[in-house]
Amino acid sequence: MAADSMEIDDSLYSRQRYVLGDVAMQQMAKSSVFLSGMGGVGVEIAKNIVLAGVKAVTLHDSKQCETWDLGCNFFIRQDDVINHRNRVDAVHARVAELNPYVHVDTSNFSLDLSTDLSFLKRYQCVILTEARLNVQKKVNKFCHSQLPPIRYIGCDVFGICARVFCDFGKNFEVSDPTGEESKEIFIQDVTVANPGVVTCMDGRAHGLQTGQSVLFREVNGMDQINGSARQVTVLSPYSFGIGDTSNLQPYAHGGFFLLVKTPQTYNFETMEQQLRDPQVLTPDFSKPEAPLQIHAAMLALDAFQEQHNRPPNIGCCQDAEVLVKLTEEVNHTLTNRAPLWAELSRCLSRTARGCLPPLAAAVGGITSQEVLKALTGKFAPLQQWLYLDAIEVVKPLQSLLAEEFIPRGDRYDGLRACIGEPM
Amino acid sequence: MVQLVGSLRKELADSVSACRVLVVGAGGIGCELLKNLVLTGFKNIEVIDLDTIDVSNLNRQFLFQKKHVGKSKAQVAKESVLQFCPTANIKAYHDSIMNPDYNVEFFRSFMLVMNALDNGAARNHVNRMCLAADIPLIESGTAGYLGQVTVIKKGLTECYECQPKPTQKTFPGCTIRNTPSEPIHCIVWAKYLFNQLYGEEDADQEVSPDTADPELSWNPADTEARATASDQDGDIKRVSTKDWARSTGYDPVKLFNKLFKDDIQYLLTMDKLWKKRKAPVPLVWSEIQKMACPQEVAVTGLKDQQVLGVAGYSQLFSSSVDTLRSMLSEKGDGAELVWDKDDPAAMDFVTAAANLRMHIFSMNMKSRFDIKSMAGNIIPAIATTNAVIAGLIVLEALKLLSGDLEQCRTIFLNKQPNPRKKLLVPCALDPPSANCYVCASKPEVTVKLNVNKTLVLALQDKILKEKFGMVAPDVQIEDGKGTILISSEEGETEANNSKFLSDFGIRNGSRLQVDDFLQDYTLLVNLIHCEDLEKDVEFEVVGDAPDKAPTPPRTQEESNSVANGNKDSAEPSTSSKVPVEQDDVLIVDSDEEPSSSSMDVSGDSGLKRKLHDAETGEASAKRQRLDQPAAAAKNDEDDDIIALD
Ligand SMILES: [Zn+2]
């Protein structure tokens, strides 16, 4: 069936159609996604994009279910832990059940530096969670070099810090950056002059910007203008110039114009290129330097794992000081750096093995939204890093004794690593 | 590291596992929230939702499956959550939170209340209950890619009602009846028409030309012309639209010619109206039928996305009139139909009638899909936004429970990340507004109305319940005698309902003491007698955001879009009696129009911004200030703030 005539199940998707529009919905229904890592954030992303209605998702993970997972992954049950099931097998049916229109399959090979990545070619979007930085770099590089590029998203949540990285390729075209419908605005008058000036009816604001184009329709008198797109020079909120109209017939009455939507191209760099001089979003202007600081701290965490082949230990002060040092070192390599935020590095170190479910949920939601943008070319994408932290939640807990955070072998260990003994 | 073993630790530990929390709503946000709460170690959770599960929920409310359709949301949500966290202690109520059983005592039994609601009335109510019980409330809402979370704590932060919200906007009758300028006006007209013909007749939903249009001057010639035209209409004006339609046997052609030819010709006689506007062009059934019906070209896209021509819509009008007539007669004598966006014939009728009227008034016609969204007040919704917001709610809850209100934020989620439209925008919480008529220590408000024309019933329903959000008000006149005007006890003051306020000696300067026992809320209402309120305005709250902004027709429509999502205030018209499923609601700001949809209001940001500023001006100014000042300074168009309804 041709995609543009593909029916959309309105009983299921009615509310979402009004968010994305049909073109984007159909685009999505043609797309296949590879999602690696079935931890707390991975399962959130799986849930969201399956609900949204992509064509197919491959869930990838090579770990077994542990008690720990019960506190982060809502699709893993006690039974799965007892039976040592693979995480990906445990969640498979439960994810698939969310939407009968989406084909969900699984794979559980180990994804590392030696993996042949050509299998990724059948996907339009690849998302890695819980992946080491060097694996991420390799997969990202592969995706970036494909024609067309495979959209790559890396998403990491370590304790109280989270990062999302997007690389949608060199020339990612967004057909509709704002998602707003062009409004027809009625015309009061068009002068015969150079430049001709258009005035809106009833003092309506046109909302245009100089450089945009508008299309004219149903104008009487100045008939030649109909159907033509003209570039706008804004003169006031209610009027704008449209170039030379001096050789046209005088305007009589009627007609309207609408904004011609122009696609916008976004240029993404690879993760490798983005490490030193990251293009970060600043979500909170009360701490404008936080994103760069978290960038450095999380890169230091990657370095820690490379060096020690393990994440820092829960609540461990020594590891925390090592991470502070590493952060300092990373900071020196950045072209665009912010002052060291040692407290953040300490908190990150002490909680890095943990999982704070609400943070995973929020970041999983944001990542899924970027997946939809990657697949549909609708709405401006995230360029290129987003950092979030929940340091406010754990700051008051610094006074706790280390043992408050130590795992006890129950489902709340991940949470306990972040906020201490919750019982 | 600080070596203080503070009490905070114990508090948060106790808080999370032992504390009882109430989740109001088990819809889009509610499902995600319940999951996050149990994963975060919350053990004692109560959840309440009046709704049952609909197929269209399954696309985001992941705790529900097809087999659950028709069942209680709260109950099924509880059962699904217990599957992945069997040790949680969850209590589900399939009920309205506005039920008096859930009194202040009930609210007081929780440490924290979280709203995951879909409508302003319930939000107002929970706000008051939490203020009365002095329990912190986390409020949230989403619409499309937009969302918001905020924390409310009595005496320390703004309450949900501190910032006046656009309420109860209706379109002026004359805009609907005489001078529609936007598609929404024609859609509202078509819904009115549906009710006039098939449903409950409502005097506020007239569809025929309005000769009392204030724009008309009363010069004798005009009046005469109108009188003549009126005669041509024969008896139509003197009987109800429904009776007349019935007398024709719901003849589609007769209906068509009256609505789209005769009435329009009559409007044309009011030539004052058309001096500055493009005049409407009447449609004649027989001529349209003569038009070679252009082959409906194989249009790409979905059927409900197509826009038919005038001939197509006249056919659709005719066939839907026939279908509705038989539906009506099947129901027997005196039966009425209720407009429902999901009823194909009703939706066809409104699509056809609205489009024909749009054509007559030189507007571009719209697809059935677009009209459905506008007529049905459909709030766009997507799982991803709910997931983000529900995560943020629990992060705020953790800060709140660790006693760190200082760190709590109002967080706005936008759809486009770029320097101007930041993706997540945290803003410090504002202190309570001293003038708030809800959370001030002695709430007081001044209302302008005409005491000779306002019925006691209107005071109760439109002012106290609708505007001031009370559930069961008692009203006493401060006349030294303590006259009881309205009692919430059944049967005590019903006789007063049909009397005017002046019948009880109420005049300029009178004061009413209004109590809502359930909400534990007392409001002192000062009355100002006013004879020159604008047409279609029954009362005005002094100091409230202006209900009308500079250019009425536009503004009305915008307010509608701004208030979009609020079942109560967004409904410009015949609200469908079938509850519209709207789980996730808020007000969205101008440029952040909810969707790609068809709300037809984007693009006009200048005017909208004005409106926005007028209505939430103070709030938005404050919030912008909280952004980095430098950024705010260079962003004069910093529109990334959405105001939660
Ligand atoms: Zn207040």
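Student: In S12(B), which residue is the bridge partner of Ile477(B)?

Tutor: The partner of Ile477(B) in S12(B) is Leu512(B). Please note that this is a predicted model, in which local features need pLDDT of at least 70, side-chain atom pairs count only at pLDDT 80 or more, and totals for chains, interfaces and linings use all residues. Residues are numbered from 1 along each chain as its sequence is written, chains are lettered from A and ligands numbered from 1 in the order in which they are written, and side-chain values use heavy atoms, with hydrogens and water left out.

Student: How do strands S10 and S12 of chain B pair?

Tutor: Strand S10 (residues 473–477) and strand S12 (residues 511–516) of chain B run in the antiparallel sense, with five bridges between them. Two strands pair if DSSP finds at least two bridges between them. Strands (E, at least two residues) and helices (H or I, at least four residues) are DSSP runs, numbered from the N terminus.

Student: What is the strand order in the sheet of six strands in chain B?

Tutor: The order is S11-S10-S12-S13-S9-S14 (chain B), in an open sheet with mixed pairing. Strand S11 (484–486) and strand S14 (539–541) of chain B are at the edges with a single partner strand each, so one side of each has no neighbour in the sheet. From one strand to the next, the twist averages 30 degrees.

Student: Which helix packs on that sheet?

Tutor: Helix H16 (residues 456–467) of chain B does, touching strand S9 (444–449), S10, S11, S12 and S14 of chain B. The direction of helix H16 of chain B makes about 65 degrees with that of S11(B). Axes are lines fitted to C-alpha atoms, for helices over the stretch in contact, and angles run from 0 to 180 degrees between N-to-C directions. Contact means heavy atoms within 4.5 Å.

Student: Changing topic, which residues coordinate the zinc ion?

Tutor: The SG atoms of Cys159(B), Cys162(B), Cys436(B) and Cys439(B) coordinate the zinc ion, at 2.2 to 2.3 Å. Donors are N, O and S atoms within 2.8 Å of the metal (3.2 Å for Na, K and Ca); water is not among the atoms, so sites may look incomplete.

Student: And what is the geometry of the site of the zinc ion?

Tutor: The site is tetrahedral, with angles of 97 to 117 degrees among the four donor atoms. Four donors count as tetrahedral if all angles lie between 85 and 135 degrees.

Student: How are the donor residues spaced in sequence?

Tutor: Their spacing is C-x2-C-x273-C-x2-C.

Student: Is Cys159(B) buried or exposed?

Tutor: Cys159(B) is buried, as is Cys162(B). Buried means under 20% relative accessible area, exposed over 50%, and partly exposed in between (1.4 Å probe, protein chains only).

Student: Now chain A. What does the domain assignment give?

Tutor: Domain 1 of chain A covers 31–175 + 268–286 + 353–405, and domain 2 covers 185–260. The bounds come from an automatic or database domain assignment. Taken over C-alpha atoms, the centres of these two domains of chain A are separated by 48 Å.

Student: What is the order of the seven strands in the open sheet of chain A?

Tutor: The order is S3-S2-S1-S4-S5-S6-S16 (chain A), and the pairing is mixed. Strand S3 (103–107) and strand S16 (385–389) of chain A are the edge strands with a single partner each, so one side of each lacks a neighbour in the sheet. The twist averages 15 degrees from one strand to the next.

Student: In which sense do S1 and S4 of chain A pair, parallel or antiparallel?

Tutor: Strand S1 (residues 32–36) and strand S4 (residues 125–129) of chain A pair in the parallel sense over four bridges. Leu35(A) stands opposite Ile127(A) in S4(A).

Student: What joins S8(A) to S9(A)?

Tutor: A hairpin joins S8(A) to S9(A) through six residues. S8(A) and strand S9 (residues 197–200) of chain A pair in the antiparallel sense over three bridges, and Ile187(A) has Cys200(A) in S9(A) as its bridge partner.

Student: Finally, how many helices and strands does each chain have?

Tutor: Chain A has 13 helices and 16 strands, while chain B comes to 19 helices and 14 strands. Of the 423 residues of chain A, 61% count as buried. For the 645 residues of chain B, the buried share is 61%.

How values were computed. Tetrahedral: all angles 85-135°; square planar, octahedral: opposite > 155°, others 65-115°.
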